[in-house]
Amino acid sequence: MERRKLIMEQIQEMSWEEAKGEIVFWLVNRKRNKMLLKTTRVLNCGDMALVCGLHWKEGNERRFVLITQEQMSRWRVPIREMLAEAEQNMIQRFPAVKRPLEEVLQEAAKMVGQTWEKEGTGLGRKLILLTNREGYLGASAMLYDGVLKELADAMGSDLFILPSSIHEVLALPDDGEVDWKELEEIVQTINQTEVEDREVLLLQGERSSASGQSVLPKSDSLNGWSVNRRMSESRIMGYARVSSAEQSLARQMVELKKYVPEENIITDKQSGKDFNRPGYQALKGALGLRRGDVLVIKSLDRLSRNKQEMKQELQWFKEHGIRLKVIDLPTTMVQLDAGQEWIQEMVNNILIEVLSSIAEEERNTIRKRQREGIEAAKNAGVRFGPPDKGFPEEWESYYSRYKQGEITRKYVLEKLGIHADRFKYLKKKYEAMKKGQ
């Protein structure tokens with residue numbers, strides 16, 4: 001306890017910049033960890049919760065230390081931004097590992113001096129163990145961007161995920177030949193005999209809820225998730241922005257909550273001059289929007305006030321299969337039936353073209369105003385550029401000798417300590433003065 005207390009004190013003294021390179025995440029069961037989850041902020045994933053912690057390592061000792069609500073408040077970092085940082089760290093330090101369960105069992109048997117005999121050609125042959133390289137809190141590896149799709153593509157079918165513990169999950173092809181009773185027995189046996197109570201990820205008979213921030217689609221099966229290869233179960237996300245901390249998001253939130261669950265709304269209190277905003281970057285990060293999702297905003301200027309950059313964002317949404325709904329543009333809010341995706345494609349193309357035209361017109365107007373302003377200033381006697389330093393001492397003497405061919409330009413530059421461009425400017429100015437006299 002003393003050691004843990006000391007670590008927590010050291011964490012409390014860390015700034016976000018110092019800590020973010022060590023941020024990690026893992027999955028826990030919400031019912032089994034009610035007291036623990038009261039001390040931190042989480043992203044709910046059905047019957048599970050995704051929590052953030054710090055990877056704390058001293059010598060050979062390694063800990064994943066939960067980050068408290070108090071610490072998060074001190075850092076003032078939204079949970080989604082923290083999770084986006086955590087995913088990058090997890091992928092780099094704890095990359096996903098996918099191995100046939102048979103292979104793992106053979107190695108385990110060999111370690112204790114036994115021989116593992118394959119039994120038939122049933123379910124065991126199909127199971128793949130998914131964890132991370134350390135085998136520690138590895139169930140969260142299924143959240144890494146693209147991991148489940150890669151696994152489904154390798155199997156050539158949709159997936160069924162069995163959560164065996166917080167350290168790993170089991171995957172098998174959802175090919176219509178699955179014996180659900182056998183799956184139920186596997187999960188029940190694992191939970192009762194192999195997994196400590198606090199490390200159980202899902203309990204027998206529980207399902208991944210479709211409410212809130214479900215990481216995976218809801219399944220009608222007993223204790224796991226069906227994962228479509230296209231990950232086509234779409235989520236509805238919302239984004240709201242005001243330009244400063246003093247402004248209120250209330251009006252936008254009222255409108256967004258008509259279409260989006262409140263916990264799915266990401267906010268920023270920052271200028272729309274660019275997209276370097278923590279909430280928006282987390283929304284576009286690996287744990288944010290994915291193909292098939294819907295993003296709802298109140299108006300287009302909530303994305304950006306720069307029309308050219310806004311056009312680029314719309315193009316990004318289009319390329320990544322994300323539908324944008326703008327409450328103030330009723331055409332984008334139309335509910336489309338299957339097979340009518342071309343309508344949304346048409347609306348997106350029109351928006352992109354309109355924004356392109358507006359952006360070009362704005363650029364032309366800005367350039368025209370700049371030219372007119374510069375010309376008016378010149379007519380008023382305003383001089384642009386750095387203050388004129390005048391002619392160097394002895395300029396007339398050296399320049400006169402240069403013009404008469406007595407000395408070279410190089411000699412003049414060296415003696416006056418000026419560059420060729422400066423000499424050219426002074427020569428032009430001097431000749432103009434002489435002509436005006």
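Biologist: Where does His167 lie?

Modeller: His167 lies in the loop between strand E7 (159-165) and strand E8 (168-173); strands (E, at least two residues) and helices (H or I, at least four) are DSSP runs numbered from the N terminus. This is a predicted model, in which local features need pLDDT of at least 70, side-chain atom pairs count only at pLDDT 80 or more, and totals for chains, interfaces and linings use all residues. Residues are numbered from 1 along each chain as its sequence is written, and side-chain values use heavy atoms, leaving out hydrogens and water.

Biologist: Why does His167 count as buried?

Modeller: Buried means under 20% relative accessible area, exposed over 50%, and partly exposed in between (1.4 Å probe, protein chains only). His167 has 13% relative accessibility and therefore counts as buried.

Biologist: Which residues is His167 in contact with, leaving aside its neighbours within four places in sequence?

Modeller: Contact means heavy atoms within 4.5 Å. Among the residues in contact with His167 are Thr131, Tyr136, Leu137 and Glu199. A polar atom of the His167 side chain lies 2.8 Å from the backbone nitrogen of Leu137.

Biologist: Why is Leu137 called buried?

Modeller: The relative accessible area of Leu137 is 5%, so this residue is buried. Leu137 is found in the loop between strand E6 (128-132) and helix H7 (147-155), and its phi is near 50°, a positive value in a residue other than glycine.

Biologist: What makes Arg76 exposed?

Modeller: Arg76 has a relative accessible area of 77% and is therefore exposed. Arg76 is found in the loop between helix H4 (69-75) and helix H5 (79-93), and has a positive phi of about 60° although it is not a glycine.

Terms used. A polar contact is a pair of N or O atoms within 3.5 Å; within protein, one must be able to donate a hydrogen and the other to accept it, and residues adjacent in sequence count only if both atoms are side-chain atoms.
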